[in-house]
Amino acid sequence: MRRAIQSLCLVLSILGVGLPPAAQADSVPFWGAKASVPIDTPINQLKKGEFLWMGEAVTTGPVVMVVSITEQRAYVYRNGILIGATTISTGRPGHLTPTGVFTVLQKQKEHRSTIYDGAPMPYMERLTWGGIALHAGGLPGYPESHGCIHLPSEFAQRLFDISPNGMTVVIGTEATEPERVAHPGYLAPVQFVGGQPIEPVPFAPTEDERWNPELSPSGPISIVLSQGSQRVVVYRNGIEIGRARLTITGDAPLANHALILSEGPSSVPNPYVPDPTKFRWLRVGVPGHLGEQGTQVDPMAVARLKIPADFAAKVNGILTPGATLFVTNEALYPQTSGPMLQIVDADPPTKSRPVNSRGS
């Protein structure tokens with residue numbers, strides 16, 4: 001069928017006749033995987049055409065996207081927490097993808113290029129009026145586009161459905177952006193307004209928690225709990241308002257879960273709800289854990305969590321139904337980020353090995 005349509009396209013183009021809309025739609029390829037990998041899949045193990053989507057985990061709050069040309073991946077954050085990551089293909093030599101901060105100027109579900117002979121660009125989200133956009137496209141595993149950011153078709157559709165006009169998109173490389181932008185993690189590395197990089201200040205040796213609710217007085221609450229980083233981080237309306245050290249007893253890794261705070265009494269002991277006689281955390285069905293939809297948390301897993309009591313009380317004081325919680329055994333920030341660099345050694349310099357003149 002597709003071969004017949006392609007032959008028809010060729011004949012009609014020679015005759016100068018346009019295809020009817022239905023035939024054009026049928027001729028649009030489908031690129032990449034048809035479904036998300038399980039949420040337990042490490043992002044750095046995504047193969048070409050694969051993507052991770054857990055948009056069900058956080059359904060409210062501002063959306064921001066970070067495109068890493070270095071990694072050939074893109075990351076989508078909602079309310080400060082990762083909800084999607086995907087393999088991409090950016091511009092090739094002679095048609096490089098520009099770096100910087102962009103906003104979505106226009107969206108069009110069914111779009112064809114006015115520059116490149118009507119090439120299909122489904123789920124197009126325009127970043128510049130000069131022809132740079134996000135859209136579904138070819139994913140060979142390396143940069144091969146004319147400057148656009150190619151996404152898997154299914155991922156492009158899901159992003160299109162939740163992304164507003166004006167969404168901030170930050171495109172960076174190791175050479176042009178801070179390390180966290182070139183190698184993002186589970187927390188948004190940029191501000192959702194303006195796209196400026198966020199550089200987290202590490203805890204002091206005696207510091208166990210921070211609480212700054214005045215930074216964002218209202219909006220949806222999202223929490224991420226990371227076993228890998230031993231941190232719990234709280235976001236309100238896309239802005240971090242608190243974090244604390246997290247202790248998890250036992251050696252077994254926590255399973256990745258997404259939860260939502262709901263009305264109704266909790267059937268398991270849980271100090272991390274405002275009132276267990278009125279509220280409970282319910283699991284959200286996400287890829288790899290679809291069967292968990294609507295079930296309560298494992299009491300044995302809750303018992304393993306140790307969060308400073310005063311911090312937990314402060315968080316409970318602002319929680320309302322609809323707040324979301326993402327639990328992961330992964331680190332919040334990438335554990336490896338770029339090539340290994342030699343800082344210092346004990347060998348004398350040689351003619352074949354120039355001395356690095358920069359300080360360490």
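Reader: Where in the chain is the place of Ser-163?

Author: In this predicted model, Ser-163 belongs to the loop that runs between helix 3 (153-162) and strand 10 (168-172).

Reader: Why is Ser-163 called buried?

Author: The relative accessibility of Ser-163 is 4%. Buried means under 20% relative accessible area, so Ser-163 counts as buried.

Reader: Which residues is Ser-163 in contact with, leaving aside its neighbours within four places in sequence?

Author: They are Lys-107 and Glu-125.

Reader: Let's turn to Asn-256. How do you know that Asn-256 is buried?

Author: With a relative accessibility of 0%, against a limit of under 20%, Asn-256 counts as buried. Asn-256 sits in the loop between strand 15 (247-248) and strand 16 (257-263).

Reader: Which backbone atoms does the side chain of Asn-256 reach?

Author: A polar atom of that side chain lies 3.0 Å from the backbone oxygen of Ile-39, and the side chain of Asn-256 also reaches the backbone nitrogen of Asn-329 at 3.2 Å. Beyond four places in sequence, the contacts of Asn-256 include Asp-40, His-289 and Val-327.

Reader: Is Ser-222 buried or exposed, and why?

Author: Ser-222 has a relative accessible area of 1%, which is under 20%, so Ser-222 is buried. Ser-222 is part of strand 12 (residues 221-226).

Reader: What joins the side chains of Ser-222 and Asn-79?

Author: A polar contact of 2.9 Å joins them. Asn-79 turns up again in the lining of the largest cavity, as does Tyr-235, and both are among the residues in contact with Ser-222.

Reader: What can you say about that cavity?

Author: The search of the whole structure finds 1 cavity of 30 Å³ or more, and the volume of the largest cavity is about 50 Å³. By class, its lining has 8 nonpolar, 4 polar and no charged residues. Val-64, Phe-192 and Ile-198 are among the lining residues.

Reader: Why do you say that the buried residues of helix 6 line one face of the helix?

Author: In helix 6 (residues 309-316), the buried residues are Phe-311, Ala-312, Val-315 and Asn-316. Seen down the helix axis, they fall within an arc of 135 degrees, so they line one face. These buried residues pack against strand 11 (209-211), strand 12, strand 13 (231-236) and strand 14 (239-245).

Reader: What is the phi of Tyr-123, and what is the phi of Gln-230?

Author: Tyr-123 has a positive phi of about 55 degrees although it is not a glycine. Gln-230, also not a glycine, has a positive phi of about 55 degrees. Tyr-123 is in the loop between strand 6 (106-108) and strand 7 (124-126), while Gln-230 is in the loop between strand 12 and strand 13.

Notes:
Residues numbered from 1 in each chain as written. Predicted model: local features only at pLDDT ≥ 70, side-chain atom pairs only at ≥ 80, totals over all residues. Heavy atoms only, no water. Helix = DSSP H or I, 4+ residues; strand = E, 2+ residues; numbered from the N terminus. Buried < 20%, exposed > 50% of the residue type's maximum accessible area, 1.4 Å probe, protein only. Polar contact = N/O pair within 3.5 Å; in protein donor to acceptor, adjacent residues only side chain to side chain. Contact = heavy atoms within 4.5 Å. 1 Å grid on protein atoms, 1.4 Å probe; cavity = no way out; pocket = protein on both sides within 12 Å on 5 of 7 lines; lining within 4 Å. Points joined across faces, edges and corners; volume = space filled by probe spheres on them. Nonpolar A, V, L, I, M, F, W, Y, C, P; charged D, E, K, R; others polar. Arc of directions from axis to C-beta.
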